[in-house]
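Trainee: Could you walk me through this structure? I have not looked at it before.
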Amino acid sequence: MVDRTLALAMELIARPSVTPDDAGCLDLLIPRLQALGFKTERLRFSEVDNLWAERGTDGPLVVFAGHTDVVPSGPRESWNSDPFVPVIRDGLLYGRGAADMKSSIAAFITAIEDFSSRHPVHSGRIGLLLTSDEEGPAVNGTVKVLDWLKVRGIGIQYCIIGEPTSADVLGDVIKNGRRGSLNARLTIHGIQGHVAYPHLACNPIHAFAPALAELTTTVWDHGNADFMPTGFQVSNIHSGTGAVNVIPGQIELDLNFRFATAITDTALRERVEAILQRHGVKYSIQWKLSGPPYLTARGKLTGAAQAAVKRALDIDAKLSTDGGTSDGRFISPTGAEVIELGPLNASIHKLNEHVRVEDPARLASVYVHLLELLFSEDS
């Protein structure tokens with residue numbers, strides 16, 4: 001027997017919603033929400049489909065947030081089954097988006113259905129924010145919906161994002177913050193020439209090597225009680241003409257900082273450029289802040305989330321801020337308390353992405369308990 005949360009997750013996986021294509025996921029979800037009395041607004045910005053759904057008229061607003069889009073599958077022939085044909089095999093549900101994050105979306109819906117059945121009248125409001133632009137540029141998704149909400153005076157008090165946060169077993173990790181992400185495209189300028197006449201050229205690779213050594217060994221900060229130290233990585237390097245006898249005229253690098261609240265993006269930019277200048281390299285650099293770090297302090301939402309996991313799964317969940325970025329970086333600055341709580345993350349973005357068949361329903365039970373704890377339980 002396939003439970004209804006698992007069945008909904010499978011229906012969502014069957015829709016090949018590679019960013020920014022929603023591929024009909026919202027068409028599947030909206031009727032179920034409307035049947036529960038939700039007012040739904042489809043918000044299309046450029047090529048991105050978004051959904052805002054809300055039920056209730058007063059009291060705190062608790063929002064489930066997530067994304068229907070998935071990353072590309074990679075070579076389909078390398079999967080053990082078609083990534084967009086959900087398959088259950090050996091107790092696991094396979095398919096692109098199974099963990100990131102269609103099981104969570106299915107759990108959102110069935111949890112709201114179960115909560116509404118148990119508590120047809122309750123204090124507070126329930127909202128749902130979905131986008132098809134989380135895995136991509138993240139320009140026409142959650143950010144635009146938040147702008148839309150602000151114009152209408154709608155403020156979120158508590159937000160649960162369904163990102164896959166679990167490490168070893170479902171519910172063992174809850175994210176209450178994330179590091180920021182700062183990117184840079186760095187170009188080191190030299191002079192192209194023949195390798196036999198290096199005195200007539202300037203090799204930018206050689207010129208940059210000492211600066212790169214310093215960048216990779218610099219301690220940017222020591223972290224703090226909530227975040228690990230800032231990390232620096234070079235993700236791409238491009239140089240040369242392809243000929244073995246030509247000194248290149250420039251080298252291009254993509255740099256990334258994952259940084260915490262112990263340092264600012266401005267300080268990181270200044271320190272990087274100070275290192276480059278100290279080593280005397282000729283350079284140009286373009287910076288892009290993907291998002292600042294955010295942190296939800298221990299309080300009502302984090303406490304309720306840990307209690308909900310304990311009630312539903314008998315697990316003591318730990319709070320964490322590691323991993324990549326999420327749309328929480330956009331929601332937290334609005335003043336909302338934000339957590340992320342979802343399936344195991346071991347297979348996300350990989351070939352043969354999967355979740356355990358029992359986990360979507362178990363996750364839904366956590367969400368039900370969480371709603372009950374955030375709203376008055378005697379309603």
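Trainee: Which strands does helix H1 lie across?
Mentor: In this predicted model, helix H1, residues 4-13, lies across E4 and E5. The helix runs at about 20 degrees to E5.

Trainee: And what order do the strands of that sheet take?
Mentor: The order is E4-E5-E19, an open sheet of 3 strands with antiparallel pairing.

Trainee: Why is one side of E4 and of E19 left without a neighbour in the sheet?
Mentor: Strand E4 (87-89) and strand E19 (354-356) stand at the edges and have a single partner strand each, so one side of each has no neighbour in the sheet. From one strand to the next, the twist averages 30 degrees.

Trainee: How many bridges join E5 to E19?
Mentor: Strand E5, residues 92-94, is joined to E19 by 3 bridges, and the two run antiparallel. Tyr94 stands opposite His354 of E19.

Trainee: Changing topic: what is the strand order in the sheet of 4 strands?
Mentor: That open sheet is ordered E12-E14-E10-E15, and its pairing is antiparallel. Its edge strands, E12 (231-239) and E15 (283-291), each pair on one side only. On average, neighbouring strands are turned by 15 degrees against each other, direction ignored.

Trainee: Which strands does helix H6 touch there?
Mentor: Helix H6, residues 265-278, packs on the sheet and touches E10 (180-189), E14 and E15. Its direction makes about 160 degrees with that of E15.

Trainee: How many bridges are there between E12 and E14?
Mentor: E12 pairs with E14 (residues 250-259) over 8 bridges, in the antiparallel sense. Phe232 has Phe257 in E14 as its bridge partner.

Key: Residues are numbered from 1 along each chain as its sequence is written. This is a predicted model: local features need pLDDT of at least 70, side-chain atom pairs count only at pLDDT 80 or more; totals for chains, interfaces and linings use all residues. Side-chain values use heavy atoms; hydrogens and water are left out. Two strands pair if DSSP finds at least two bridges between them. Axes are lines fitted to C-alpha atoms, for helices over the stretch in contact, and angles run from 0 to 180 degrees between N-to-C directions. Contact means heavy atoms within 4.5 Å.
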